[in-house]
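Hi,

Please find the structure below. My notes on what turned up in it follow.

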Amino acid sequence: MGVVTHYILYYNVPIANRSIYYEYDYYIGSALYIIGYALLFFKVIKEISLKYVLRNFKIHLIVLSALNIYLIYVLQFIVKSELEYKFQYHTELIYNIVTLMLLSGALLTYFYRDNKKSLYQFIGALFIVFSEVLDIAYNYIDQRALLNIIGTTLALCAFYFFYQQALLKHSAKVDNEQFALMNDSSFS
């Protein structure tokens with residue numbers, strides 16, 4: 001959609017007004033992506049117990065937080081040198097935070113649920129993050145067609161996995177210890 005909008009604006013807008021349309025296109029498009037990924041994040045984490053995750057996945061949360069902070073720092077370092085618009089740094093920062101929160105939420109959901117549906121959610125989120133990182137590389141480092149093709153392919157794979165997980169129902173996670181107790185009580 002961004003490429004189509006780019007060409008429409010490029011050929012149909014006078015040169016004097018072109019930058020203001022690009023700025024609106026950038027902010028509106030980024031806002032829609034941020035809202036979409038935030039809603040997907042809330043959809044992914046709505047079926048986990050926050051209390052259980054905070055109690056049982058402390059090390060996971062610390063490692064994920066450290067990795068997210070490092071990745072956001074690196075991505076913002078790449079973006080900072082290529083800023084064009086007034087609030088682009090903050091927009092990119094929020095965008096990257098929401099994207100990495102989606103990945104972390106999907107991973108924690110997979111740890112919590114440990115089923116096929118949560119695995120597909122995690123793989124879909126992983127493909128989204130890889131796609132977005134390649135889009136940053138395409139937009140801010142080098143505009144090679146291969147980066148754009150791979151990024152688009154990863155985004156399509158992400159949508160495929162989210163579609164597949166939407167067809168599945170969450171199966172109840174049964175702890176091995178509870179399963180053993182249930183079998184012993186049935187023979188008494």
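How do the residues of the lining of the second largest pocket divide into nonpolar, polar and charged? There are 11 nonpolar and four polar residues, and no charged ones. Bear in mind that this is a predicted model.

The second largest pocket holds about 320 Å³ of space. Its lining has 15 residues. F41, L61, S104, G105 and L108 lie nearest the centre. At least two lining residues come from each of helix 2 (18-45), helix 3 (50-56), helix 4 (58-80) and helix 5 (88-113). Helix 4 gives the most, with six residues.

Next, the cavities. The structure has two of 30 Å³ or more. The largest cavity contains about 40 Å³ of space. Its lining consists of L75, Y95, N96, T99, L100, V129, E132 and V133. By class, that lining has five nonpolar residues, two polar and one charged. Helix 5 and helix 6 each supply at least two of the lining residues. Helix 5 gives the most here, with four.

Is Q121 buried or exposed? Q121 has a relative accessible area of 4%, which is under the 20% cut-off, so the residue counts as buried. Setting aside neighbours within four places in sequence, Q121 is in contact with V44, A106, T109, F162 and Q165.

Best wishes

Methods. Residues are numbered from 1 along each chain as its sequence is written. This is a predicted model: local features need pLDDT of at least 70, side-chain atom pairs count only at pLDDT 80 or more; totals for chains, interfaces and linings use all residues. Side-chain values use heavy atoms; hydrogens and water are left out. On a 1 Å grid over the protein atoms alone, a cavity is a set of points where a 1.4 Å probe fits but cannot get out, and a pocket is an open set with protein on both sides within 12 Å along at least five of seven lines; lining residues have an atom within 4 Å of a point. Grid points are joined across faces, edges and corners, and a volume is the space filled by probe spheres set on the points. Ala, Val, Leu, Ile, Met, Phe, Trp, Tyr, Cys and Pro count as nonpolar, Asp, Glu, Lys and Arg as charged, and the others, Gly among them, as polar. Buried means under 20% relative accessible area, exposed over 50%, partly exposed in between (1.4 Å probe, protein chains only). Contact means heavy atoms within 4.5 Å.
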